[in-house]
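Please keep the display at hand while going through the numbered points.

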Amino acid sequence: MKSLRIAGAVLMLAAGGGIAGLATPRWLALGLLAGLICYLAMWRSVTRALRAALPILVFALSLAAIQIIFGMPVTNLAAKAVASFFFLTSAFRMYPWADLLARVSPDSPLFPLTLYLLFVRHFFFILTSESIRLLRARSLCITKPYGRGSFRSLVAALGSLFERTLLRAERFYAAQLLRGFAE
Amino acid sequence: MKTVLEVRELTFGYDSGQRCLHDINFSVGEGECVGIVGANGAGKSTLLWCLLGLLKAKGVVNVFGEKLSKRNLGRIGVVFQNPEDQLFMPTLLQDVTLPLLNRGATADAAAEKAQAALRSMGLENVGHRPASQLSLGERKRASLAAALAGSPEILFLDEPTAELDGRSVRQLTRVLTDLPIARVITSHHLDFLRSLASRLLVLWQGKIIAEGPTQQILSDAGLLESAGLI
């Protein structure tokens, strides 16, 4: 069972990285769909899964909208970002990371990569926990989920989310720097 | 007493032109415990970040007689306000061990030191659990263990009592009192510093407005009121 999970996680990591190389819209759409299926399968609640993905979806939509509105060449970067997010978060949710870390020796060339993945996982944890906290706070403030003022409050919440995650990421980086990870 | 930290004419401002710290001067001796007190927004955390070289400030910050660099970073321990910024590994033991391995210790020596650090904080029974499953008080002590495992000669603590209950504050005070190394603590928890710090610096709007023995500073109600501390 564990081997299957390892294989699945490695496959998803490879898919997350490989999606960047896809150029044709058909393959990209397929990749996006496969990523979404994997992502939803990793969560018990679809609503929670979609809530956690909200920041990346807003980012991707904003990126596409900016490209369209300002007459820039419309790239498929937004779709690739979302698909990578789906695959990578699924890999992080699937794999027993404690086991991986215990198996990789500090002298191994794989150790920096394992650490990097742990950093990324921790950052996803920060992003997810901040998103859930902010959306919960917003839902307590508004009277109706849709309607007057709700869009504005969502935009304000997301703006605040980016600021807070940036701050948390900066603090995390500083703490690891002081623990000797830049040496 | 040998000086381990010396700060001269430290000034810091953000790119927007907003000045946060003005002409900060102080020093910390070997084994001394110095508290930096100030109201919210006084610049305590900014000062700490400048001392640690995380923010580039004007002025002089000397640690052990020389500028802070990667060479002497290993002699410093830091405990951040939010333990989640420091602890991210699958188990607490790995969190404490990792910086030691990263600094070249052997796996056995690192594990031994990490176990000793956890034991000194009363956390030997939770070493196999991730930090996210511990209470905030335990997480604070865990980040202290992670900082102390590297045998630092000076320890910086940013708001160590923030959000802690009375018992956790007492536990933390006991642990910190017994430490023989120099400690720089930013806080606005005056009772905590009363029992711990030998000297206090009072920060107000980015300036040190008073400095002196803890009892003397804490008995000056006018000063504490003007600094927004009471």
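1. The structure is a predicted model, and local features are discussed only where pLDDT is at least 70. The descriptions that follow should be read with that in mind.

2. Domains of chain A. The domain assignment gives chain A a domain 1 covering 1–90 and a domain 2 covering 96–183. Their C-alpha centres lie 17 Å apart. Across the boundary, eight residues of domain 1 of chain A are in contact with nine residues of domain 2 of chain A. On the domain 1 side, the elements that give two or more residues are α1 (2–18) and α3 (46–69) of chain A. Of these, α3(A) gives the most, with five residues. By class, this side of domain 1 of chain A has four nonpolar, one polar and three charged residues.

3. Domains of chain B. The contact between them takes 13 residues from domain 1 of chain B and ten residues from domain 2 of chain B. Strand β7(B) gives the most to the domain 1 side, with five residues. That side of domain 1 of chain B is made up of nine nonpolar, one polar and three charged residues.

4. The sheet of chain B. In what order do the strands of the open sheet lie? The order is β6-β7-β8-β3-β9-β10 in chain B, six strands with mixed pairing. At the edges are β6 (76–79) and β10 (207–213) of chain B, each of which pairs on one side only. From one strand to the next, the twist averages 15 degrees.

5. Pairing within the sheet. β6(B) pairs with β7(B) in the parallel sense over four bridges, and B:Val79 stands opposite B:Leu157 in β7(B). Strand β7 (residues 154–158) of chain B pairs with β8(B), also in the parallel sense, over five bridges; in this pair B:Phe156 stands opposite B:Val184 of β8(B). Between these two strands the chain passes through helix α6 (residues 166–177) of chain B, and the β-α-β crossover is right-handed. Strand β3 (residues 33–38) of chain B and β8(B) are likewise parallel, with five bridges, and B:Val37 has B:Ser187 of β8(B) as its bridge partner.

6. Strand β8 of chain B. Is this strand buried or exposed? Six of the six residues of β8 (residues 182–187) of chain B are buried. In a regular strand the side chains alternate between the two faces of the sheet. Accordingly, each face can be examined in turn. On one side B:Ala182, B:Val184 and B:Thr186 are buried, and on the other B:Arg183, B:Ile185 and B:Ser187 are buried.

7. A helix across the sheet. Helix α1 (residues 44–51) of chain B lies across β3, β7, β8 and β9 (199–204) of chain B. The helix runs at about 150 degrees to β7(B).

8. Contact between the chains. The contact takes 16 residues from chain A and 20 residues from chain B. On the chain A side, α5 (97–103), α6 (110–141) and α7 (150–181) of chain A each supply at least two residues. Helix α7(A) gives the most, with eight residues. The chain A side divides into eleven nonpolar, two polar and three charged residues.

Terms used
Residues are numbered from 1 along each chain as its sequence is written. Chains are lettered from A and ligands numbered from 1 in the order in which they are written. This is a predicted model: local features need pLDDT of at least 70, side-chain atom pairs count only at pLDDT 80 or more; totals for chains, interfaces and linings use all residues. Two residues are in contact if their C-beta atoms, placed from the backbone, lie within 7 Å. Ala, Val, Leu, Ile, Met, Phe, Trp, Tyr, Cys and Pro count as nonpolar, Asp, Glu, Lys and Arg as charged, and the others, Gly among them, as polar. A residue is buried if 20 or more other C-beta atoms lie within 10 Å of its own, exposed if 12 or fewer, and partly exposed in between; C-beta atoms are placed from the backbone. Two strands pair if DSSP finds at least two bridges between them. A crossover is right-handed if, with the strands pointing away from the viewer, the path from the first strand over the helix to the second runs clockwise. Axes are lines fitted to C-alpha atoms, for helices over the stretch in contact, and angles run from 0 to 180 degrees between N-to-C directions. Domain bounds come from an automatic or database domain assignment.
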